[in-house]
Amino acid sequence: MTAQTSHRAPIFPHRHLLGIEALQPQDILHLLDLADEAVEVSRQVEKQKAVLRGRTQINLFFEASTRTQSSFELAGKRLGADVMNMQVSASSVKKGETLIDTAATLNAMRPDLLVVRHHAAGAVHLLARKVGCSVVNAGDGAHEHPTQALLDALTIRRHKGNIGGLTVAICGDIRHSRVARSNIILLSKLGARVRVIAPSTLLPSGIHNMGVEVFTNMREGLKGCDIVMMLRLQRERMSGAFVPSVREYFKYHGLDAEKLSYANEGALVMHPGPMNRGVEIAAEIADGPQSLIREQVEMGVAIRMAVLEALANNLPDN
Amino acid sequence: MLETGKPLVLENARIIDPATNMDEAGSLIMAGGKIIAAGREALNQGAPEGAKVVNCNGAVVAPGLIDIGVNVGEPGAEHRETLESASQAAAAGGVTTIVTGPDCDPVIDDPALVDFILRRARDTAIVNVLPMAALTKGLKGEEMSEIGLLQEAGAVAFTNATHPVTNSQVLLRLLTYARDFDALVVHQAKDKDLAGSGVMNSGLRATWLGLGGIPKEAEFMAIERDMRLVAMANGKYHARIISCPQSAKAIRTAKEEGLNVTAGISINHLTMNENDIGPYRTFHKMSPPLRTEDDRRAMVEALADGTIDIIMSDHNPQDVETKRHPFAEAEDGALGLETMLGAGMRLVHSGDISIMKLLASMTCNPAKRLGLEAGRLARGAPADIIVFDPERPWIVEKDKIRSRSKNTPFEDETLTGRVLTTIVSGRILYEIDA
């Protein structure tokens, strides 16, 4: 981490990206700037940059994921890295020791970048302490999903110009969501007013001390919002454990045109995907003019290129 | 069914309104289904034009009773009781609003079923009917029911009836979720494992009878747990029936802590004890079971000191099919709609409870807990009124019971205090000597 070739200031002083928590606002802005460039690269016919040429990137997914894994794979490839995907089915993994064993095995293959998703909160941190390369958290349990928050911020900034001063509502299953946690931290750091809206059963304890405004009524919570972020509700939580039924959830917490009308005019709608149409979001809204959902996917590749590039700049020998 | 008749004046009455602590000679004026004036101030107002004037001869005029513990056999067991027959019994007992339980067949856990109850009541019942819905799907205590949709359909509270929610996590989430809708959770606390296969109060009496006992701990340990869950969830909770002083103590403590908690009791647990079971009288088999005389006395004190807020009949019609069995195999439950006030007056005549307190626990207290307009004599409140003679004795005769079932624990007993007239929405529905 001695030689810094990046011409940008400020530099990105991190070896890993384990969460938004450890980032300073200027780190976040640096990544967003890099990502803006990556968007341009991705929109060219020649979608290649050579910053990761010769580097090895391993995507280690202990939890199934289509979009995040392919997004990281594409990002690495567009930067010229050799990318390998490793799917480790959760059932075949015995926690703890095996995770360390896996880390040691992978480390011996001398990767430069390791992208990890794991169902257990903190698993990525544990791995990061055991390997010699840079580690990117692609989602660990209900803890953090930093690249999702970054891509959301990128999407918002490209539409609104700025994040500070905006009012952003994060709606739905806050309790189990790593996306919500990363977004709350990131948006707060950049000066947005963050609200969470959910039935009380889907709010985590301590939420009132997280520096966010808490609402259980969607109409009240959406009043004056510029951005409405919907979260996915897992199927097993819909039938009586946390909410009574899909129809009741949709009626009180699903985003439809009527509820969205309480937000500011032209408020933008986001969703990390995959969506449950008719559960947390009405199809007409998901596919409507205020929706940024498809654009978020494009920004996902760009932000991952930015993250990989920023970390690669700090790799030894660079 | 409940259209409003012409204006009605009850004069020469002792007007009691527990909501305002009013107990004075005066009259009551009603028009358009609403109360116009009550008490001394009504004396100065002339009767509205065309009003019917009734001389009460000094009888008590009070808000109609609101009974939040009524089991009806409809749907599913119409041979035991229908909404129509229950409402007839209610009118005779001075109950102008019955709040029905969800333990029907099918269980009232779907908005369409709440709607069914309300429509049937509109078409057949002569008193107000307000349904409670199931707290969990099928009353199984596992999955929360659609509290929001059920409330919109007309459910006034949510209960698992006599089936306790044993899983603390489930009850915590229910209390938490219900809070978003300001919905009241009515729970019968009971540790099912500790209650085991018991069928009456645990103790000497059960041992002599050779019956399995249910210890008081099965109730108050569960009440104590519930209070902790209410505190965690910041929930809104009503203990359906408490039957022992330790439960009352837990409720008292919770109220002192500022929790949103109220407690109820059935008229049975205030007026009877385990000795009334005598030689295996199954009409005295109840859930929770009748306790000792010391417990009963303690519950009367808990009512007097305000720990217990609401008295209900726990009306539960059962027929010979379900009651004519060996004690342990018979169903729980007793009738109560027609006898609740008369039985409650025993506590007044014995000097344990003031008539004001008794009426408050059957009128304004349940109304306040459920957010109802009724239950008081305020101007503009629904004209749901009873006229009753607190000194008039009567014998509970099986043949005269209006319920379809006859399982009253007061059969052939004398009660002192009887409803003379019952008025719902300004209309006289029941007159004793008519």
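**Notes on the two-chain model**

1. Let me begin with the make-up of chain B. Its secondary structure comes to 15 helices and 19 strands. Please keep in mind throughout that this is a predicted model.

2. Next, the overall form of chain B. The C-alpha trace of chain B spans about 65 × 45 × 45 Å along its principal axes. As for the interior, 61% of the 434 residues of chain B count as buried. Among contacts in chain B with a separation of 6 or more, 74% are between residues 24 or more positions apart.

3. The buried residues of helix 14 are B:Ile355, B:Met356, B:Leu358, B:Leu359, B:Ala360, B:Ser361 and B:Met362.

4. Now to the interface. The contact between the chains involves 18 residues of chain B and 16 residues of chain A. The size of an interface is often given as the accessible area lost when the parts come together. Here chain B and chain A bury about 1400 Å² between them, and 48% of that is on carbon and sulfur atoms.

5. What holds charged side chains together across this interface? There are three salt bridges between chain B and chain A. B:Glu152 forms a salt bridge with A:Lys251, with 3.4 Å between the closest N and O atoms. Also between chain B and chain A, 14 residue pairs are in polar contact, both residues being at pLDDT 80 or more. On the chain B side that touches chain A, helix 4 (147–153) and helix 5 (168–180) each supply at least two residues. Helix 5 of chain B gives the most to that side, with five residues. Sorted by class, the side of chain B that touches chain A has six nonpolar, three polar and nine charged residues.

6. Most residues other than glycine have a negative phi, and most peptide bonds are trans. The bond from B:Glu74 to B:Pro75 is cis, with omega near 0 degrees, and B:Pro75 is found in the loop between strand 6 (65–70) and helix 2 (83–93) of chain B. A cis peptide bond also joins B:Ser287 and B:Pro288, with omega about -5 degrees. B:Pro288 is found in the loop between helix 10 (267–271) and helix 11 (293–304) of chain B.

7. Please look at two backbone angles as well. B:Ala161 is not a glycine, yet has a positive phi of about 55 degrees. This residue is in the loop between strand 10 (158–159) and helix 5 of chain B. Is B:Ala161 buried or exposed? At 6% relative accessibility, B:Ala161 counts as buried. B:Asp182, also not a glycine, has a positive phi of about 50 degrees and is found in the loop between helix 5 and strand 11 (185–187) of chain B. B:Asp182 is exposed, with a relative accessible area of 52%.

8. Over all chains, the count comes to 38. In one of them, the side chains of A:Arg277 and A:Asp287 meet at 2.8 Å, N to O. A:Arg277 lies in the loop between strand 9 (268–270) and helix 10 (283–286) of chain A, and A:Asp287 in the loop between helix 10 and helix 11 (293–313), so the pair ties together parts that are ten residues apart in sequence. A:Arg277 is partly exposed, with a relative accessible area of 43%, and A:Asp287 is partly exposed at 43% relative accessibility.

9. In chain B, B:Asp23 forms a salt bridge with B:Arg14, the closest N and O atoms being 2.9 Å apart. B:Asp23 is partly exposed at 36%, and B:Arg14 is partly exposed at 30%. B:Lys400 forms a salt bridge with B:Glu397, at 3.3 Å between the closest N and O atoms. B:Lys400 is exposed, with a relative accessible area of 58%, whereas B:Glu397 is partly exposed at 36%. Elsewhere, salt bridges that share partners join A:Asp33, A:Asp36, A:Arg157 and A:Arg158 into one network.

Conventions: Residues numbered from 1 in each chain as written. Chains lettered and ligands numbered in written order. Predicted model: local features only at pLDDT ≥ 70, side-chain atom pairs only at ≥ 80, totals over all residues. Heavy atoms only, no water. Contact = heavy atoms within 4.5 Å. Buried area = accessible area lost by both parts, 1.4 Å probe. Salt bridge = Lys/Arg side-chain N within 4 Å of Asp/Glu carboxyl O. Polar contact = N/O pair within 3.5 Å; in protein donor to acceptor, adjacent residues only side chain to side chain. Helix = DSSP H or I, 4+ residues; strand = E, 2+ residues; numbered from the N terminus. Nonpolar A, V, L, I, M, F, W, Y, C, P; charged D, E, K, R; others polar. Buried < 20%, exposed > 50% of the residue type's maximum accessible area, 1.4 Å probe, protein only.
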